[in-house]
Amino acid sequence: TREDFELLISDNASEDNTEAVCGQYVQRDARVRYFRQPSNLGPIGNFNWLLAQPETEFVLMLADDDWLDADYLACCLALIERDPALSIVTGATRYFEAGARPDLVLNTNLTDAAGARRVLRYLRHSWSSAAFYGLLRTSMVKDALPIPNVMGADWLFVSALSFSGRVLTTT
């Protein structure tokens, strides 16, 4: 429902027809920018590269298997634009698998005044790192980069963002 966005695609040296497909989107829509990595950077390297690019106030990453409701961006933006202390706004996550009933995960709300308390609460009480793919405040993202290339890197990144600002899940 929001049309004022820019879509950056970082093709991590795929070996299929991703470049051709993305080229069609670039030709049809001026909001789409496509970048092809010369070699595979690995997921963390690709995330770091992509997150360093935006010159916008907010950034939202999606993986190749993510889907958003039509009003997802508008709902997240309505919250994060009103509150400069928010680092992440994310929606409820639904996991779909082979015809099974979708699992609904309500991501953590981290609203304590102290950053250290938010991080501790996240690490103690959340089993999901879905906030990694929430709407992120770019200034706080750039302060949290680079994401380390280690096991649990997504948890470390969300922890760094939750230290910088509060985290909300839309309902």
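Ala, Val, Leu, Ile, Met, Phe, Trp, Tyr, Cys and Pro count here as nonpolar, Asp, Glu, Lys and Arg as charged, and the others, Gly among them, as polar. This is a predicted model, where local features need pLDDT of at least 70 and side-chain atom pairs count only at 80 or more, while totals for chains, interfaces and linings use all residues. Residues are numbered from 1 along each chain as its sequence is written, and side-chain values use heavy atoms, leaving out hydrogens and water.

**View A. Here's the largest pocket, with a volume of about 1600 Å³.** Its lining takes in 42 residues, and Leu7, Leu8, Leu60, Met61 and Leu62 sit nearest the centre. E1 gives the most, with five. Sort the lining of this pocket by class and you get 23 nonpolar, twelve charged and seven polar residues. (A pocket is an open set of points on a 1 Å grid over the protein atoms alone, where a 1.4 Å probe fits, with protein on both sides within 12 Å along at least five of seven lines; lining residues have an atom within 4 Å of a point. Volume is the space filled by probe spheres set on the points, which are joined across faces, edges and corners.)

**View B. Next up is the second largest pocket, holding about 820 Å³ of space.** Of its 22 lining residues, Trp67, Leu68, Ala92, Thr93 and Arg94 are closest to the centre. H3 turns up here too, and both H3 and strand E5 (93-95) supply at least two residues of the lining. E5 gives the most, with three residues. By class, the lining of this second pocket has eleven nonpolar, six polar and five charged residues.

**View C. Four strands make an open sheet in the order E3-E7-E4-E8, with mixed pairing.** At the edges are E3 and strand E8 (166-169), each pairing on one side only. From one strand to the next, the twist averages 20°. Strands E4 (residues 86-90) and E7 (residues 135-137) run antiparallel and are joined by two bridges; Val89 has Leu135 of E7 as its bridge partner. (Strands pair if DSSP finds at least two bridges between them; helices (H or I, at least four residues) and strands (E, at least two) are DSSP runs, numbered from the N terminus.)

**View D. Two helices lie across strands of this sheet.** Helix H6 (residues 153-164) lies across E4, E7 and E8, at about 125° to E4. (Angles run from 0 to 180 degrees between N-to-C directions, with axes fitted to C-alpha atoms, for helices over the stretch in contact; contact means heavy atoms within 4.5 Å.)
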